[in-house]
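Please read the following points with the sequence and the structure open beside them.

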Amino acid sequence: MTSKPSVIVEPAREVPVLLDVDVVVAGAGSAGPMAAIAAARQGVKVVLIERFGALGGNLTVGMNSKPSGLLPGGIPLEFWERAQEIGAAGSRYVADIGKGNIGLTAPCDPEMAKILLARMCAEAGVQILFEAMVVAPIVEDNQMKGVIIECKDGRRAILAKVVIDCTADGDVAASAGAPFIVGSEEGAMQPVSMYFKMNEVDMDRFAEWARNHPEDVTERYISPDRPEYGIWATGFERMLKKFQAETGIKLQRENITLKTAYGKTEVFCNSTRVIGASGLSVLDISNAIMELYRQIEANARFFKENVPGFENAYINGISSMLGVRETRHILGDYILTGEDVTTGRHFEDSIAVDLAAMDIHDVKGSLVRFESYPPYEIPYRCLVPQKIDQVLVAGRCISNDHVAHGRTRNIPACMATGQAAGFAAAVAVKTGRVVREVDVNSVQELILATGMPIDARQVEI
Ligand SMILES: Cc1cc2nc3c(=O)[nH]c(=O)nc-3n(C[C@H](O)[C@H](O)[C@H](O)COP(=O)(O)OP(=O)(O)OC[C@H]3O[C@@H](n4cnc5c(N)ncnc54)[C@H](O)[C@@H]3O)c2cc1C
């Protein structure tokens, strides 16, 4: 009897070239569209490639909807203000997080955000490839020359002068040989979750209860007049303990967050968790989604039976993607540290100021560290992977340690690094320089012209 092979050798094949462009942006979550828009506005030819049939990633498909911090400027703020103009986002607010206050950007309507992101890309001249998965880099002599995609047409090559990896996991840079770490020093990653939403919530009743029960809703913002955008409620600790003790149902979180994002009767629930699952393993991802479905049903029961206003509520949407908080940190020419982001260290090559919260979900337990810190700066070198040329990273996978990632993984920094990578790629293309040696002053000038601050010392909050 012959034993089954553990590997299969694929035959070499010819791959048709579909497009030849200046800049490829791989992945279109928070970071990707900002990168694509920034580059295209500089007049270079840009293709944005997304595996799903919608833009926005975690922000929209993942139902996240809300940056954990104020957007200080740039294309990210422009996007939010345009969403507000069409009634697809609320106004910023200040939430009480128990240990102090934090300014938060009010949520957007994830469905309208998909349309608006696509519109802004189209206006800038970005070509979007939906439902196309970037599966391999094209690398010659350590220089990225483009990417291979898998799509309905089959396998196709896209040639480019610069590739920006906005896949959140650093798929492109890592497969090209850029060094990376995964999670913390011990290799532990923040847990995965899955958003869902419930409809037919009696919002006035819920808001009234949340306002009057600070012992249960320990961190909150309850808008006096705009509940459809203005409820952010975290806590429920002792209620969850009681529910688990009474029902024998096991949940994974000590506290949970509910928020409204447009619908007048709709609440978005960030209340699930699986520890120890790797967002880089298809088996882990699949097992986690099965477990999260169990938790979503249990959570919905918890809300209906225990939280005033939820009596008639039902599940009316579940994220179509696993919510992954942490995987690869691609190592760049600088590795941002926890100390840098908590002390607001100044960098000459800063490309953005970020105001987001420190948000670290315990890698082993059920706690969440959600804290406010002063503004900090992100240096350009965190976007430039070591060893491989002509690739930049932006979004969740930039170069940092586990603690710094607790701030940079939030939407504001993902968008800001996307914008900076887009401008840097355009400057590199136009000046014929490699991205590692791009004139950072020119990139900073473009960033400042958008209204995005780069010096944290000058930012008042
Ligand atoms: C449950 C949860 C709650 C969160 N809550 C908040 C919050 O309240 N506030 C906040 O600011 N942040 C929050 N975050 C963090 C934040 O949402 C993300 O870190 C951020 O949106 C990541 O942006 P990104 O663009 O790097 O990645 P993503 O949003 O993940 O986008 C990556 C995109 O690339 C695509 N892609 C991936 N691989 C490929 C490929 N090979 N080919 C083609 N396309 C590809 C994906 O489909 C996706 O659209 C939360 C995260 C989670 C998981």
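Which residue stands opposite Val267 in β16?

1. The residue opposite Val267 of β16 is Met198. This pairing, like every other feature below, is read from a predicted model. Strand β12 (residues 196–199) and β16 are antiparallel and share 3 bridges.

2. Strand β16 (residues 267–270) also pairs with β15 (residues 256–259), again through 3 bridges and in the antiparallel sense. Here Asn270 of β16 is the bridge partner of Thr257. Along β16, Val267 and Cys269 point one way, Phe268 and Asn270 point the other way, and all are buried.

3. An open sheet is formed by 5 strands with parallel pairing, in the order β6-β3-β2-β10-β23. The edges are β6 (127–129) and β23 (391–393); each has a single partner strand, so one side of each is left without a neighbour in the sheet. From one strand to the next, the twist averages 20 degrees.

4. Within this sheet, β2 (residues 23–26) and β10 (residues 162–165) run parallel and are joined by 4 bridges. Val24 stands opposite Val163 in β10. Helix α1 lies across β2, β3 (46–49) and β10, and runs at about 170 degrees to β3.

5. The ligand is surrounded by 37 residues, and the closest are Gly27, Gly29, Gly57, Gly323 and Gly395. The elements giving two or more residues to this shell are α1 (31–41), β7 (133–140) and α10 (411–431). By class, the shell holds 16 nonpolar, 14 polar and 7 charged residues.

Methods: Residues are numbered from 1 along each chain as its sequence is written. This is a predicted model: local features need pLDDT of at least 70, side-chain atom pairs count only at pLDDT 80 or more; totals for chains, interfaces and linings use all residues. A residue is near a molecule or strand if its C-beta atom, placed from the backbone, lies within 6 Å of it. Ala, Val, Leu, Ile, Met, Phe, Trp, Tyr, Cys and Pro count as nonpolar, Asp, Glu, Lys and Arg as charged, and the others, Gly among them, as polar. Two strands pair if DSSP finds at least two bridges between them. Axes are lines fitted to C-alpha atoms, for helices over the stretch in contact, and angles run from 0 to 180 degrees between N-to-C directions. Two residues are in contact if their C-beta atoms, placed from the backbone, lie within 7 Å. A residue is buried if 20 or more other C-beta atoms lie within 10 Å of its own, exposed if 12 or fewer, and partly exposed in between; C-beta atoms are placed from the backbone.
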